[in-house]
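Reader: I would like to understand the words used for this structure. Please show it to me, then take the terms one by one.

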Amino acid sequence: MNVRNFIDRIKPTFEKGGKLGFLHSTFDAFETFMFVPNTVTRKGSHIRDCVDIKRVMIIMVLALVPAFLFGIWNTGYQHSVAYQMNWNFWQMVWYGVLKIVPLYLVTYIVGLGIEFISAQLRGHEVNEGYLVTGFILPLIVPVDVPLWMLAVATAFAVIFAKEVFGGTGMNIWNPALIARAFLFFSYPSKMSGDLVWIGGLSRGNEAWATTGGALVDGFSGATPLASASLEGLSSQGYSALNMFLGNIPGSVGETSVIAILIGAFILIFTGVASWKIMVSSVAGGLLIGWLGQIGGATDLPCWYQLIMGGFLFGSVFMATDPVTAAQTEAGKWIYGFLIGALAVIVRLFNPGYAEGMMLAILLMNTFAPLIDHCVIECSLKAKARKFKKIA
């Protein structure tokens with residue numbers, strides 16, 4: 001008996017009126033995750049397509065896989081370099097797996113647990129959106145974030161940034177970013193964005209100071225973005241090539257430009273994410289970075305802003321969230337440009353917080369409906385004026 005036949009045989013038990021009808025939402029979630037739903041629209045206009053929300057979310061996860069895999073290796077690499085372990089490739093990978101897998105277990109157990117409970121209480125289908133949220137969240141936090149903090153932040157994001165608005169497709173802000181913002185404002189010592197985990201050492205840990213009070217192999221734990229803000233990149237030995245490849249300290253999935261660009265290609269090729277938002281975000285960051293450079297706010301080339309911190313990761317995977325981003329074509333250009341511009345403005349003029357991408361995206365999530373409204377109103381007025389001239 002194949003899986004499809006088995007599912008069909010037990011399905012009546014979980015239908016409304018069946019012995020386990022109260023678990024209908026849970027059963028439906030597992031069935032539609034494994035197979036294309038066998039339901040069709042019965043009224044109104046509709047389009048037949050094999051791509052549903054779950055498939056779109058799976059494509060998003062596939063696009064994130066390169067950053068995820070590189071983050072696993074880089075976690076082990078940073079540990080090996082800091083402790084002068086001289087590990088081989090597979091030792092680094094195994095260490096990264098041991099550090100990162102628990103983050104995923106926490107985010108999915110807590111997040112999906114709340115999703116399933118909410119669906120059961122409401123009698124609704126389980127929303128698919130958390131497949132992506134749960135995959136992104138461990139990639140945008142330091143690998144040493146305490147698991148209980150991550151669990152609290154996940155619960156807060158799912159409940160207050162998603163479920164209270166009605167679930168997937170109804171939320172105003174990106175849930176993963178809300179979780180990160182919760183950690184940033186509630187536990188700033190862990191999420192300030194300047195010093196991050198390196199090789200088992202963290203700020204505030206007694207092991208941070210080694211023999212003679214010197215840091216292991218000269219590593220201070222500062223990210224390139226913080227180094228540029230406080231001391232200059234040369235003091236940390238970070239080059240543009242290092243930042244492009246990603247073998248630098250930082251949040252799990254945000255360091256490798258190559259891995260992020262592979263993900264961007266997948267999203268653009270499949271049409272899942274808007275290339276207009278990505279391009280306009282980069283343009284906004286470059287413009288403000290260039291103005292800051294010629295104005296003396298920074299001595300870094302403007303394109304450095306793109307390869308430092310979480311700029312590209314945010315532009316590709318988070319600013320393009322179809323639920324919280326602008327929906328109109330012109331609005332996407334405006335929305336993306338303002339995200340890139342605001343992110344670099346925060347970096348250049350806010351000494352208390354080196355990274356600005358999180359705040360820029362959340363702010364523009366708030367104003368995305370207003371941008372769409374203004375674009376539509378301008379379009380209608382332009383058409384009205386054109387019609388008047390013709391009449």
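Author: Start with handedness. A crossing is right-handed if the near helix is turned clockwise from the far one by less than a right angle, and left-handed if anticlockwise. Helices are DSSP runs of H or I with at least four residues, strands are runs of E with at least two, and both are numbered from the N terminus. By that rule α12 passes α14 in a right-handed crossing. A word on the source: this is a predicted model, where local features need pLDDT of at least 70 and side-chain atom pairs count only at pLDDT 80 or more, while totals for chains, interfaces and linings use all residues. Residues are numbered from 1 along each chain as its sequence is written, and side-chain values use heavy atoms, with hydrogens and water left out.

Reader: Why are α12 and α14 called roughly antiparallel?

Author: The angle decides. Axes are lines fitted to C-alpha atoms, for helices over the stretch in contact, and angles run from 0 to 180 degrees between N-to-C directions. Under 35 degrees is roughly parallel, over 145 roughly antiparallel, 65 to 115 roughly perpendicular, and the rest oblique. Helix α12 (residues 275-294) and helix α14 (residues 311-318) cross at roughly 155 degrees, with axes that come within 9 Å. Therefore the pair counts as roughly antiparallel.

Reader: Which residues make the contact of α12 with α14?

Author: Contact means heavy atoms within 4.5 Å. From α12 come M278, S281, V282 and G285; from α14 come F311, L312, S315 and V316. Ala, Val, Leu, Ile, Met, Phe, Trp, Tyr, Cys and Pro count as nonpolar, Asp, Glu, Lys and Arg as charged, and the others, Gly among them, as polar. That gives five nonpolar, three polar and no charged residues.

Reader: Why is Q84 called exposed?

Author: Its relative accessible area is 54%, so Q84 passes the cut-off for exposed. Q84 lies in the loop between α3 (53-83) and α4 (89-122). N86 is found in the loop between α3 and α4 too. N86 is exposed because its relative accessible area is 72%.

Reader: What is phi in Q84 and in N86?

Author: Most residues other than glycine have a negative phi. Q84 is not a glycine, yet its phi is positive, about 55 degrees. Phi of N86 is near 55 degrees, also positive in a residue other than glycine.

Reader: How many helices and strands does the chain have?

Author: The chain has 16 helices and zero strands. Of its 391 residues, 48% are buried.

Methods: Buried < 20%, exposed > 50% of the residue type's maximum accessible area, 1.4 Å probe, protein only.
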